[in-house]
Structures are given as C-alpha cells and as structure tokens.
Amino acid sequence: MSAVLPAPPALESPPLAWSNRFRRLGERFFTALNAQPLREPHWVAISEPCARALGLPDDWWCRDAWQALGVFSGGALWPGMRSLASVYSGHQFGAWAGQLGDGRALWLGEVDTPAGPQEIQIKGSGLTPYSRMGDGRAVLRSSIREFLCSEAMHHLGVPTTRALCVTGSPLPVRREEIETAAVVTRVAPSFIRFGHFEHFTHTADDVDALRQLADFVIDSHYPACRDAPQPYAALLEAVTRRTADLMAHWQAVGFCHGVMNTDNLSILGLTIDYGPYGFLDAFDPGHVCNHSDHQGRYAYARQPNVAFWNLHALAQALLPLLTDGDEALAALESYKSFFPQALESRMRSKLGLTGEHAGDRELIDGLLQRMAQDKADFSITFRRLAEFSTAAGADNHAVRDLFLDREAFDGWAAHYRERLLAVGSVDAARRLAMNQVNPKFVLRNHLAEVAIRQARGGDFSEVQRLLKVLQRPFDEQSEQSAYADFPPDWAQHIEVSCSS
Ligand code: AMP
Ligand code: MG
C-alpha cells in the first residue's frame, strides 16, 4: 500500500503560506500517507479563476521548478504540503454503511488565500486504508464531470467545492469497460462531511474526538457559535441553515446531486462529491439523475427532504455533545421555515417578482405545474420568461411556445401580468434582473458528454471551451448560443451512475 512508499522529493513551490490546521487534529482523524502517482501524467484542464483565487501566478502550471503536473497527479509535494486521507462514516441510501473515508482522495494541505484558508485535495490518487473494495482511482470521464460542474456551480453562485485542474494518464482503470485514470484537484475551506461526525459517535465511539472535531469546525468555520449559550446546538442550527440555503440554490437552478448520502453532505453547506449529478432539461420533479438510484430516493423534488433527513443523522451524531434530544430537535426546527423561505425568495427573483404578495406562492407553483405538465425545459423557460412583455395584447410567444397547452399558459400569464403591473414592474429592468438569476448556460449532460468524448480521444480543447462559457452563465454570449440550446434527442439516453 502507498503508506510504505518513500516520501516524494520536496520541490520548489509557489510562494504559498500553509496553515494545515486539519492535520493538527491528530491521527484519530486521518492516516498520513503518500499518493500512488499517475504514470506518464498529462494536463487535461485548468481553471484559471480557481488558480487566481488561490493566489497562484498565471504560469503556475508550467514553471519547470514547481513541477505542478507532478504535484497534481500525486507524484510530488510542494514544500508545506503534507498528504493524508481522512476517516469518516455515513448513511448510504438510508442505511448505515459504517466506516468509509477518503478511499481515493488525499488532502494535501491548507493554504492561506485572500478569501481565507482553502484546503487542497486530489481525488483519484490511489489506494488508502479506506479504499474498501475500490481501486483508489477515478476515471477521466468522472474527473472532467467533477471539474466542470464544480466551476460551473461556483460561477452560478451556488456554494460548492471548487476545482483547480485535472490531470490524466494512460493508466487503465476497470469500470463497466476499461477506461483511463485521472486526478481532479479540489479546493474548499473544508472537506469535512456530516459523516465525519457520525464516525466518532457510531463507529469509533469516541466522544472526546467528536468534541475535538466539533470545536475545530466551530473555531475554524462557525466562530459565532462559540459565543452561544450552547455552542454545539448553535453549530447544528448553523449547519441546518446553510444546508437549507444550499437546497434552495439547487432547487432554484434545477440541479440534482444524485448521491445525497450523509458522507456526501458538507458541514459547510457546500455542494460536494460530484458523481452522477444532472441539471434538469425538460422539467420533471421526479427526475432521477443517478442511474443506480432505482428507488428514486434522490429524485429532484425529494432533495430538500433528504437534506433534512441527513441533518437528523448529523443531530444524532452530535447528541453526546447536546443536553438532550429536544435541544437537537429545536436546532433542526429552523429548517422548516428557513428552507421554504429561502426557496420562495429565489423563485420570486426567478420570476422577477419584487415585494412579497399573498398569491406569490400560487403563481410560482402554477408555473412549475404547467412546466411539469408540458415538460418545458427548466433553464430555457426561465430565461425566456425574462422577455415577458406586460404590454396589452402581447402574446409572449417565445416563452408561450414552450408549452403544449397554450391556453393554460395564457391563463397563468394573465395572473403573472396582473402581479407585475400591480407593482409597476418595468419590462426592461425586470429582464435585466431576471437574467442575473436565471442562467442561460448550465452544464447539461450532453455538453459534458461531448467534451468527454473528445477528451477520451486526446483532444481537451472542448473541456476548456465549455469551462469558459460556464464561467459566465448569466451573460448573453450570443456567439455561444449553441451551448444554451435544447438537449439533442440522444441526450435522453445518457446514463450516469455511481461507477466513476
Ligand atoms: P461516493 O459515494 O462516490 O462519494 O463514495 C463513497 C465511498 O466510497 C467514499 O468513501 C469513497 O472514497 C469510496 N470510493 C468510491 N469510489 C472509490 C474507488 N474507486 N476506490 C476507492 N474508494 C472509492
Ligand atoms: Mg463521497
């Protein structure tokens, strides 16, 4: 196993300041070990904005002395980096799964940036003590999907882990067929999951470590909780709110995660672990993006309830630090008001509704119902709704044409027009505001698929091109309109599963 490999040689590195606080928690929380480097690594993709956010200079990836290609394919460490795999447990598809952990990811360190400390992690870097039956690898296809979506979500304004780069290798990896290995580098203020807490309560039965972890998360990420009368209850409530906010983001942008197990929920309320995710094309509340999710447990419309279920699992894990179950339930209670409010506020903005009126929820639901009925495309409908004209007699055909039942749409549109006129909404100003919240470009499966197919043939230019488009999802970018189009028929047959 890689634990016995000699330490990779230290290199010259960019001038980064490493704080590595997670590592100071001690060895109950991780196993220190080196990666199994990808052989003959090559660059696949780089996110310049992510590199800039880390404080790296433009040529960070190609300076000979820094050997970034080696570092981000598991073959070297910059001075200050100390690699480790963390241990966690979790509930998968509603059942207790016991110990899991970073089975193919390694934490490389935490670097100070102008936006605060950021941890760097490589994924697909070989076996760890937590690999269980896995091979410790990630395939090129899934690494590109994680890379593109992390950056797309960031630029959509959705809380998420980010991605710095992808490196690839000719190393064969067996999935349904033989593919090749890749490593994606992720960046986040923390990669701690609900499952880290579950681990110390249910698997390790170590309340001392549980408290240490909770204190670490409070001090590093939720300092305001320290001053609360019950800091751990305050932490649970703060995580509840962040998670509710994340769910409002996902639902409003039409994002399905696909594997909302407790080991895939971030303690910071970030989108984490991009696997068989998907953005909605034709609106179907029951849409299941994960081909292996036969029960539809993680269907689009269920995500907010699943998040609440997961928060209960987190609360259960925190019980040894809380006064009693009632304190836990009280902290969770805020989800019930906070999530609907957060979602309604996002949906109101998506419809361009200013102020709060009594019939708003009905108006929002009415539109969603018609979209579901007629399988209207989620992103295109909202983008076209921005063109809605309140002028008398306007037929608003651009958005109207998306609906099969035009009369039903007209009925809804009459109410919508009334609501807009009641607050003196000005068409041009509303359009501008709506286009700031309704993306023109989202990472539809077929777009990722085209980029992946080309990448598997050795041409990575489409990954980079798509990344550029997704970095400005709200801008018109007229010359890129093909990326904003309806999915082609073949997109319906794309199957994404946990096998990655
Ligand atoms: P996921 O649902 O993909 O987030 O993964 C669940 C657990 O399985 C995590 O502990 C992963 O680290 C682990 N895992 C997934 N794929 C592999 C793999 N190919 N090799 C080793 N561990 C893996
Ligand atoms: Mg995971």
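The second largest pocket has about 510 Å³ of space. This is a predicted model, in which local features need pLDDT of at least 70, side-chain atom pairs count only at pLDDT 80 or more, and totals for chains, interfaces and linings use all residues. Residues are numbered from 1 along each chain as its sequence is written, chains are lettered from A and ligands numbered from 1 in the order in which they are written, and side-chain values use heavy atoms, with hydrogens and water left out.

**Pockets**

- On a 1 Å grid over the protein atoms alone, a pocket is an open set of points with protein on both sides within 12 Å along at least five of seven lines, while a cavity is a set where a 1.4 Å probe fits but cannot get out; lining residues have an atom within 4 Å of a point.
- Grid points are joined across faces, edges and corners, and a volume is the space filled by probe spheres set on the points.
- The second largest pocket has 21 lining residues, and Asp281, Ala282, His287, Ala491 and Gln492 lie nearest its centre.
- Two or more residues of that lining come from each of β12 (278-279) and α14 (445-456); helices (H or I, at least four residues) and strands (E, at least two) are DSSP runs, numbered from the N terminus.
- By class, the lining of the second largest pocket has twelve nonpolar, five polar and four charged residues, where Ala, Val, Leu, Ile, Met, Phe, Trp, Tyr, Cys and Pro count as nonpolar, Asp, Glu, Lys and Arg as charged, and the others, Gly among them, as polar.
- The largest pocket holds about 800 Å³, and Arg104, Arg132, Asp273, Cys498 and Ser500 are the closest to its centre among 38 lining residues.
- Helix α3 (140-156) and strand β10 (178-188) each supply at least two residues of the largest pocket's lining, with α3 giving the most, three residues.

- Most residues other than glycine have a negative phi.
- Asp273 has a positive phi of about 60° and is found in the loop between β11 (255-256) and β12.
- Is Asp273 buried or exposed? Asp273 counts as buried because its relative accessible area is 13%; buried means under 20%, exposed over 50%, and partly exposed in between (1.4 Å probe, protein chains only).
- Arg132 has a positive phi near 45°, and this residue is exposed at 56% relative accessibility.

**Cavities**

- The count comes to five cavities of 30 Å³ or more.
- The largest cavity has a volume of about 70 Å³, and its lining includes Phe22, Trp107 and His196.
- The second largest cavity, of about 60 Å³, has Arg141, Tyr274 and Ser500 among its lining residues.

**Core**

- The largest nonpolar core has 159 residues, and its largest share, 14 residues, comes from helix α6 (231-253).
- Such a core is a set of buried Ala, Val, Leu, Ile, Met, Phe, Trp, Tyr and Cys residues joined through side-chain atoms within 4.5 Å.
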